[in-house]
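Let's take a walk through this model together, starting with a pocket and ending with the cores.

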Amino acid sequence: MQTVMMCQALESPNPHPCNLLTCALYCDLSSASHSLFLKESQSSSSVVADNGLEYEAVIGIETHVQLGTATKAFCSCPSQYGAEPNAHVCPVCMGLPGALPVLNDKVVEYGVKLALALHSEIALTSKFDRKQYFYPDLPKGYQISQYDVPIASKGFIDVDLPVEFGGGHRCFGITRVHMEEDAGKLVHAGGERLSGSSSSQVDLNRAGVPLLEVVSEPEMRTGLEAAEYAAELQRLVRYLGISNGNMQEGSMRCDVNVSVRPKGRPQFGTKVEIKNMNSFSAMQRAIDFEIDRQVTLENEGLGHQIKQETRLWEEGSQRTISMRSKEGLADYRYFPEPDLPEVTLTQDYVDATQAMLPELPNAKRRRYESLGLSMQDVLVLANDSDVAAFFDEVIGKGTDVKQAANWIMGDLSAWLKNEKLAITETKLTPAALAELIDLIKDGTISGKIGKEILPELLQNGVSAREAIEAKGLSQISDAAVIESMVDAIIAENPKQVAAYRGGKTKLQGFFVGQVMKVSGGRVNPALLNKILLSKLNC
């Protein structure tokens, strides 16, 4: 049986267990690799305060991933977002006396999948615990979670930073992955927060919905790195099919722990938790604000005012505000959950789950790089699993890789954005796009005609050849036909011909445009220019 190690604290200085190859290729965990995102420069390695000290940030993230199971973690109530308040509740998730929980096995399956995708050590035996705290939307007065023996620990995640911010690879450690249940939701009337509300209502639909909490090592140094870490985790859960990861719905929620310290000092500063960030850009801005706030206090000799607390991000004012003092482990009074047995896995089960994992984002990016695509192309194509699957099917038809990437990221992406549709919500098939690209390549149609018929393929699901034939748009490549068109245009424009032959060679474009106008843009451009030049220069 696999030995389960006690999890490390969030701010453990111990390195994470990246394998040597991964570390060599993608990781640089020296202090030089961590850069603090500043308003002046997004590649600055530290903040130099007025007092002359150089500060760096230490950032760790606790991410709650709401699982896309049909039912809740410990009862048969539907786990459905957007239902009428308190429509999906029962004695178990309402915490009524005598109601006993029964574990949903899908929660375990999804936990193992995510743990494997994060290269974590799986605990073949783990257990649930009671985390005691009072809040109006927690009807039991405690949360069923995992404490000292989580389902997984000691993992890592590979991240590719955006090209526009300098690019590069990062590898961040994962302290642990554990299973737990969600609390309900408070709806404050008359204000965004409790302090500005006249009353609050409790919706328990979310109570008992299964979560996986992913705790990172405190290895991020900038708001950008933290936002990209969270974005990569979102890609992972979507690729795995275990969650939609929508931050706007609360399906993925990130609590960020930020502290600052003089650069080179091994001890951590006072950790501040930030909540209420519903997008990656908001996360980056919240972290950057909090870093600036803490460095300013240190600079002014007021570092003692930085206290361990939970702060909210206010989108309107673009600042963090104090919410409450942060609880400590002792406040939660953890003890083993008496109503649930241990979770016992076999190595065969873990191996079978590993074999079912799809190609994950990092592996897909590396494969796309090997096909000769630029990192910019790679990041766009691999960002969405449905887009990546579509692209893979297109190039699987033998279509030119770069052309397929250009069409998907260009005209196709623009159309989808304009129509507010996902690629899976159109009638375009990978085979139809591959055929369209091939017809352009062999000269049957021009690229311009290809762009014109793309909406037909997207809306009606016809093949490219069917759309071309129905509209009579096949490219004219008969030299005799093109020659007759050129002769007619030259005969109709003697002044322009004389000017061309007198040295105004830019008029070639005029003649090309006239032929294209007459032909409806269907003439083979390469053949047209060859015939036109031979006529004009004779």
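From which domains does the lining of the second largest pocket draw at least three residues each? Domain 1 (16-330) and domain 2 (359-471) each supply at least three residues to that lining, with bounds taken from an automatic or database domain assignment. Please keep in mind that this is a predicted model, where local features need pLDDT of at least 70, side-chain atom pairs count only at pLDDT 80 or more, and totals for chains, interfaces and linings use all residues. Residues are numbered from 1 along each chain as its sequence is written, and side-chain values use heavy atoms, leaving out hydrogens and water.

The second largest pocket holds about 980 Å³ of space. Of its 36 lining residues, Arg-235, Leu-379, Val-380, Asn-383 and Asp-384 are the closest to its centre. Helix H3 gives the largest share of the lining, 8 residues. Here is the lining by class:

| Class | Lining residues |
|---|---|
| nonpolar | 18 residues |
| polar | 10 residues |

Now to the cores, each a set of buried nonpolar residues joined through side-chain atoms within 4.5 Å, where buried means under 20% relative accessible area with a 1.4 Å probe, protein chains only. The largest nonpolar core has 105 residues, of which Ile-59, Met-283, Phe-391 and Leu-433 touch the most other members. Domain 1 (16-330) and domain 2 (359-471) both contribute residues, so this core lies between them. Apart from it lies another core of 16 residues, including Ile-482, Val-523, Ile-531 and Leu-532.

Note on methods: Buried < 20%, exposed > 50% of the residue type's maximum accessible area, 1.4 Å probe, protein only. 1 Å grid on protein atoms, 1.4 Å probe; cavity = no way out; pocket = protein on both sides within 12 Å on 5 of 7 lines; lining within 4 Å. Points joined across faces, edges and corners; volume = space filled by probe spheres on them. Helix = DSSP H or I, 4+ residues; strand = E, 2+ residues; numbered from the N terminus. Nonpolar A, V, L, I, M, F, W, Y, C, P; charged D, E, K, R; others polar.
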